[in-house]
Amino acid sequence: MANPSSHHPFSRIGNSPSPLILGGGSWGTALAVHLALAGWSPTLWVRDPILAQDIARTRENRVYLPGMILPESLSVTPNLEEALSQATLLVLAIPCQSCRDVLSRVAKALPRPLPLAGATKGIENSTLATISEICREVYSPDPNDYAILSGPSFAREVVEKKPTAIVSASPDPELARDLQHLFNAPWFKVYTRRDVRGIELAGAMKNVLAIATGISDGMKLGDNARAALITRGLAEMTRLGVRMGADPLTFSGLAGVGDLLLTATGDKSRNRRVGLRLGEGHSLASILIELGQVAEGVTTAASAHALAEKVGVELPITRAVYRILHEHADLGTTLSALMRRPLRSEEEYDL
Ligand SMILES: NC(=O)C1=CN([C@@H]2O[C@H](COP(=O)(O)OP(=O)(O)OC[C@H]3O[C@@H](n4cnc5c(N)ncnc54)[C@H](O)[C@@H]3O)[C@@H](O)[C@H]2O)C=CC1
Ligand SMILES: O=C(CO)COP(=O)(O)O
């Protein structure tokens, strides 16, 4: 269904866009609710048929977004193949480590790829691939077929219509602009950008850095430490991004500084909460059970650490988070080692 207030002539996602959101977690549900509130008729694919039935019956995702009543124009289905046959564009909101499986299944079911907006943040553990690389390998060889949506956007604030701004990045400016207009609403602003690599690396890395600041805050290391971790964390994501071909300016935009600030300081962040609880002395296993949702920084810490070694850049904060999460390194010793690193010029060390 067309949004009556949209005068944008959509060129890539159909004159009358029919969005299918893949992933019935908090972000997939929030994006589907948002599109419905913005005047469209989206469909939400929820893998678990029991949850899909419960959402359709109660008009609420009681597991992942409790308390939010879903607009009538939003349909919910567990039947992927049937939903794909009606869609004109896809929105990917599946945790990173499962994207390859889901996209392979989607690609098999479609006669040709539909334009896709990747809203997942992370780096695959087994291959060190980013979201657009996974798309290229299993969904479509043409990078113009997908865009990345990223930026500071807590799911609950989006559905509460709190003012939010994100970025839509694609090498195809028409796709980036179509998505900009599709998601646009008086409370939701979308900027475009071409630098897919920078946008997706920023979104992946900020989750690891949010765990770092969470640990520091959980250990009560102070406001100075948090500011230093955020700033040096920004230098790390920029350094990795530039080595991998990204535009350094991307990291001072919404998907870089914007999302890093949000996630590293906002207590709604699941990644920050993982860090806080670790800093308070809880075990990772118990924290993840209690959380019940994905904290992408946990797996991305391992991927980012390996990727940094592969491409030959130093990411000391990322390495510290990796060692704490995956090698049971002592928190205090690991963080204080960051302070004992060789003294350098900030200019020399930035890029
Ligand atoms: N929640 C948020 O505020 C935001 C989340 N994101 C990103 O969105 C992605 C998804 O996160 P959330 O929805 O928040 O996670 P979540 O933990 O709330 O939900 C994940 C959902 O994915 C489903 N899922 C997992 N593996 C699947 C598979 N193989 N096939 C089908 N469904 C599968 C789960 O059943 C669950 O419904 C993550 O990369 C996250 O970083 C991005 C921006 C905001
Ligand atoms: O990406 C997010 C906000 O932009 C959500 O962050 P968390 O996954 O840490 O909750």
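What are the helix and strand percentages of the chain over residues 21–175, and how far apart are the end C-alpha atoms? In this predicted model, the chain over residues 21–175 is 38% helix and 17% strand, and 17 Å separates the end C-alpha atoms. UniProt lists these residues, in an unreviewed entry, as "domain: Glycerol-3-phosphate dehydrogenase NAD-dependent N-terminal".

Ligand 2 lies between domain 1 (19–194) and domain 2 (198–350), because both domains give residues to the shell around it. The residues around ligand 2 are Lys121, Pro152, Ser153, Phe154, Asn207, Ala210, Asp259, Leu262, Thr263, Ser269, Arg270 and Asn271. By class, this shell comprises four nonpolar, five polar and three charged residues. At least two residues of the shell come from each of helix H8 (196–218), helix H10 (254–265) and helix H11 (270–279). The most is given by H10, which supplies three residues.

Helix H10 also holds Gly256. Gly256 counts as buried because 28 C-beta neighbours lie inside 10 Å, where 20 or more are required. When neighbours within four places in sequence are left aside, Gly256 is in contact with Ala202, Leu234, Met237, Thr250 and Phe251. Gly266 is ten residues from Gly256 in sequence, and the C-alpha to C-alpha separation of the two in space is 15 Å.

Conventions. Residues numbered from 1 in each chain as written. Chains lettered and ligands numbered in written order. Predicted model: local features only at pLDDT ≥ 70, side-chain atom pairs only at ≥ 80, totals over all residues. Near = placed C-beta within 6 Å. Helix = DSSP H or I, 4+ residues; strand = E, 2+ residues; numbered from the N terminus. Nonpolar A, V, L, I, M, F, W, Y, C, P; charged D, E, K, R; others polar. Domains from an automatic or database assignment. Buried ≥ 20, exposed ≤ 12 C-beta atoms within 10 Å, placed from the backbone. Contact = placed C-beta atoms within 7 Å. UniProt positions renumbered as here; feature names shortened; annotations may be inferred.
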